[in-house]
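User: I would like to learn how to read the features of a protein model. Could you take me through them in turn?

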Amino acid sequence: MKLPQAVDENLSFLLAELDSQLTTLQAYFEDPQLETAHRLVQRAGYSHNLASRVQKACLSGLLRGKKSQTRHLQLQSIDTVARNLDLLSRLARRAVQHAESVTRRKLLRAEAYVKPIQQVSGSLKLVHAALQSRDSRQAVQIGQTRASLDDFYDRLFRTYTRDMHGSKHTEDLANSLLVANEVRRMGEAVQGVSEAILSINIGQTVQFERYFTLRSVLAGSIKSDDDIDLEPLAETRSGSAISSVSTHTSRGKPIDAVFKDGDHKKVKEERAGVKSWNSVYPGLAPKILSYEKRGESAALLIEHLPGKTFEDIVLNGSDTQLAAAQTALHKTVQDIWRKTKTDEPAEASSMDQLSRRMGDVYRVHPRFSGGEKRLQGLDLPGFETLISAAAARERKLVAPFSVYIHGDFNLDNVIFDPTEKNIRFIDLHRSRYMDYVQDVSVFMVSNYRLQVLDAATRARITQVVIDLHRTAAKFARGQGDKTFEYRLALGLIRSFASSTRFIFDHDHANRMFLRARYLLETVLTVPEGREARLKLPIRELFSD
């Protein structure tokens, strides 16, 4: 897609101005002179004004042009290029300002900066061509400058800090180190330019490392970036990014998959979770098509699962579709519980989990924090006190058996295929053998916390919760699990209270927190040894 003329022209002028400024910066390091430094500093307004013109032209293009996701991403990325070019200009000025503060020129080691500046300048010469031709190889070449500048900085850092030991000229060495840092940061700015170009080519905002992991997991399948259609699906709370990938093999065969990347540990856990499900209950988890580790990050290419998330069905599906999804879900979870059941007792430790998360809850909702209160002569213990008391009760109460659980059984991690009428699971990095009430409580509260206000939908949500509870309670009776309801109450306490850290609507969060407190007080009033007698008022708990 061709750039608007005003964007293209001003970006060309900005690149030319940056080339001139970097040439001046290089000349300064070849022969540090105050006059050269002044000449560079005096160009500040030129680059800033040109960058502003590019940004204004991008905004104008977004407002006036034909609205499309491709157009929006293109102009947004050009805006990013302009911001990083303006940052480069500021870093160059700061570098000479710090350099001019060094009184003993020998300590500056000015000659060491010539090659890094040449590398930055050479990278910028590729920008316009890379944008016009959508050449990802040139974009990658631009971004690789950062690694070179990082290596340069590491060497100078060791040199400057070594010289500081026993030196009487630490101020000069400190200013020299600041110069090195400004040049190092030029690598970050240049990488930002590279990422913007790659984002245009890929069709989604992409980080430099993410581009390489994507190319790695698709290795041998594609010829060029033009063959990749990448659409964002989600961002997990752990920092992983999830996208759908559509492409074709070199033989023209279509590939529809899910690309998930992020922290190596999290992605590795996801991979292990998928593998374990395919072992203990084949057909439920998606297949892993490819896995790649790169430094501290990793990526998975996972089979695309047809269908809709349970959340989408609850909120937008027809009554018939929801009924079919519920039937499939209830049948599936009961089958999983029966087939994976072991005689190993399970400790959910819901109260210990909640205690660890309360700090995050209070950061979002500080009004929930507070100690003991007194109301009309009645002492009301603090929430933390109630958690501690419930934790002591919970430690004496274990599930009589274990089953293999999802571990993060939220509505959006359950997929229903209306054609095949089957259930599939995604996001499986927390799967393990555990008390099944953990999954039950998480699923129930993930329904309640949906921020939908209309009465009909809220009533529908309540019924979904009641139906799952009825299914789980029936399974518990069949297995002779007499304390199911009590342990479920503890799981609901954890999920109600800890989920408020994801809810910014004060009223909705307050309703959830009060339910957690009500359940805490309820379980603590049950005499020890009588836990099997507790019956939860599920409809009242999940109705507003």
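Analyst: Start with contact, which means heavy atoms within 4.5 Å. In the protein chain, take the contacts between residues at least 6 apart in sequence: 74% of these join residues at least 24 apart. The model is predicted, so local features need pLDDT of at least 70 and side-chain atom pairs count only at pLDDT 80 or more, while totals for chains, interfaces and linings use all residues. Residues are numbered from 1 along each chain as its sequence is written, and side-chain values use heavy atoms, with hydrogens and water left out.

User: How many helices and strands does the protein chain have?

Analyst: Helices (H or I, at least four residues) and strands (E, at least two) are DSSP runs, numbered from the N terminus. The protein chain has 21 helices and twelve strands. Its C-alpha atoms fill a box of roughly 85 × 65 × 45 Å along the principal axes.

User: What percentage of the residues in the protein chain is buried?

Analyst: Buried means under 20% relative accessible area, exposed over 50%, and partly exposed in between (1.4 Å probe, protein chains only). Of the 544 residues in the protein chain, 53% are buried. Helix 8, residues 136-143, is mostly covered, with six of its eight residues buried. Those buried residues are Ser136, Gln138, Ala139, Val140, Ile142 and Gly143.

User: Which residue caps the N-terminal end of helix 8?

Analyst: The term needed here is polar contact: a pair of N or O atoms within 3.5 Å; within protein, one must be able to donate a hydrogen and the other to accept it, and residues adjacent in sequence count only if both atoms are side-chain atoms. Asp135 is the cap of helix 8, with a side-chain oxygen 2.9 Å from the backbone nitrogen of Arg137.

User: Where is Gln438 found, and what does Gln438 touch?

Analyst: Gln438 is found in helix 17, residues 437-448, and is buried at a relative accessible area of 6%. Its side chain makes a polar contact of 3.3 Å with the side chain of Arg494. Not counting residues up to four places away in sequence, Gln438 touches Ala348, Gln353, Ile405, Gly407, Arg432 and Arg494.

User: How many salt bridges are there?

Analyst: Side chains of opposite charge can pair when their charged atoms come close. A salt bridge is a side-chain nitrogen of Lys or Arg within 4 Å of a carboxyl oxygen of Asp or Glu. By this rule the count is 26. One of the bridges joins Asp79 and Arg83, with the closest N and O atoms 2.6 Å apart.

User: Why are Asp79 and Arg83 separated by about one helical turn?

Analyst: An α-helix has 3.6 residues a turn, so residues three or four places apart point the same way. Asp79 and Arg83 are about one helical turn apart because they are four residues apart in helix 4, residues 69-100. Asp79 is buried at 15% relative accessible area, whereas Arg83 is partly exposed at 49%.

Another bridge joins Arg470 and Asp467, whose closest N and O atoms are 3.0 Å apart. These two residues are three apart in helix 18, residues 455-478, and therefore about one helical turn apart. Arg470 is partly exposed at 49% relative accessible area, and Asp467 is buried at 16%.

User: Which parts does the pair of Arg109 and Asp163 tie together?

Analyst: The side chains of Arg109 and Asp163 meet in a salt bridge of 2.9 Å, N to O. Arg109 lies in the loop between helix 5 (105-108) and helix 6 (114-124), and Asp163 in helix 9 (residues 145-164), so the pair ties together parts 54 residues apart in sequence. Salt bridges also link Arg458, Arg511, Arg515 and Asp544 in a network.

User: What is the phi of Arg109, and what is the phi of Asp427?

Analyst: Most residues other than glycine have a negative phi. Arg109 is not a glycine, yet has a positive phi of about 55 degrees; this residue is partly exposed, at 22% relative accessibility. Phi of Asp427 is also positive, near 55 degrees. Asp427 is found in the loop between strand 11 (422-425) and strand 12 (432-434), and is buried, with a relative accessible area of 13%.

User: How far apart are Asp19 and Lys125 in sequence and in space?

Analyst: Asp19 and Lys125 are 106 residues apart in sequence and 7.8 Å apart in space, C-alpha to C-alpha. Asp19 is found in helix 1, residues 5-30, and is partly exposed at 27% relative accessible area. Leaving aside neighbours within four places in sequence, Asp19 is in contact with Ser121 and Lys125.
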